[in-house]
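Reader: I would like to go through the labels on this model one by one. Could you show me how each of them is reached?

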Amino acid sequence: MQNTKNILICGVGGQGILLASDILAKVALNCGFDVKKSEVHGMAQRGGAVVSAVRFGDKVYSPLVGDKEADIILAFEKLEALRRVNYLKPGGTYIVNDCELPPLLVSMGEEEYPKNIVLQLKKLAKEVVLINGLGLAKQSGNPRTVNIVLLGALAKKFDFPKDKWLQVIKHTVPPKTWAANNKAFLLGFSFKSLM
């Protein structure tokens, strides 16, 4: 369908990717869209790759995003952003957390972490938004809110009312973390790209 939006969220286990995709799916659903969501998280608890796709529109028939179909790739880690490049459609957007988490083979010294990932992404995407997720999360008062900071940056790409996002976040995160998550979302929403 022409009006279906395809969002791919990727990173490594423990970064809050699935929570972020849940929130995005609930916001789209609350705004009246048909929503489908999928997840791949093998070995996620050991720092493995995690990918979640959220598709929404008038009617969505499949939760899967195919090659060159993602309107936006929200990457929580730079190498994972590069790994998912085949999903970005021509004219698509990358929102990338300025974060490098070396995979096991890099940590063991058997491979090198790729250099200039963001420059490579710029050659492939219409727009690359680079965001200091951890720095903004620390400003919110809780460094574990990086995923909500990134959702704030993603939220600017849609017409969903800001209060819808905040309502869903409030009902999804633990109550004791609400203030920091609220601030994290607003910091991400008002952030301008590092590029």
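Author: Gladly; what follows sets the labels against their definitions. This is a predicted model, in which local features need pLDDT of at least 70, side-chain atom pairs count only at pLDDT 80 or more, and totals for chains, interfaces and linings use all residues. Residues are numbered from 1 along each chain as its sequence is written, and side-chain values use heavy atoms, with hydrogens and water left out.

Reader: Let's start with the sheet. In what order do the 6 strands of the open sheet come?

Author: The order is β2-β3-β1-β4-β5-β6, with mixed pairing. Strands (E, at least two residues) and helices (H or I, at least four) are DSSP runs, numbered from the N terminus. Two strands pair if DSSP finds at least two bridges between them.

Reader: What makes β2 and β6 edge strands?

Author: β2 (34-40) and β6 (127-131) each pair on one side only. On average, neighbouring strands of this sheet are turned by 15 degrees against each other, direction ignored; the axes behind such angles are lines fitted to C-alpha atoms, for helices over the stretch in contact, and angles run from 0 to 180 degrees between N-to-C directions.

Reader: How do you know that β1 pairs with β3 and with β4?

Author: β1 and β3 (residues 49-57) share 8 bridges in the antiparallel sense, and N6 stands opposite R55 there. Between β1 (residues 5-12) and β4, which run parallel, there are 4 bridges. I7 has I72 of β4 as its bridge partner, and I9 stands opposite L74.

Reader: Why is β4 called largely enclosed?

Author: Buried means under 20% relative accessible area, exposed over 50%, and partly exposed in between (1.4 Å probe, protein chains only). In β4 (residues 70-75), 6 of the 6 residues are buried, so this strand is largely enclosed by the rest of the structure. β1 has 7 of its 8 residues buried, so β1 is largely enclosed too.

Reader: What makes the crossover from β4 to β5 right-handed?

Author: First the pair: β4 and β5 (residues 88-97) run parallel and are joined by 5 bridges, with I73 opposite Y94 and A75 partnered by V96. The chain passes from β4 through helix α2 (residues 78-83) to β5, and this β-α-β crossover is right-handed. The term applies if, with the strands pointing away from the viewer, the path from the first strand over the helix to the second runs clockwise.

Reader: How do α7 and α8 cross?

Author: The axes of α7 (residues 162-172) and α8 (residues 178-190) come within 10 Å and cross at roughly 150 degrees. The crossing is right-handed; a crossing is left-handed if the near helix is turned anticlockwise from the far one by less than a right angle, and right-handed if clockwise. Contact means heavy atoms within 4.5 Å, and among the residues making it are W165 and I169 of α7 and F185 and F189 of α8.

Reader: Why is T145 called buried, and T172 partly exposed?

Author: T145 has 1% relative accessibility, so the label is buried. This residue lies in the loop between α5 (133-140) and α6 (146-155). Leaving aside neighbours within four places in sequence, T145 is in contact with A137, S140, A180, N181 and A184. T172, in helix α7, has a relative accessible area of 23%, so the label is partly exposed. Not counting residues up to four places away in sequence, T172 touches L19, I23 and K26.
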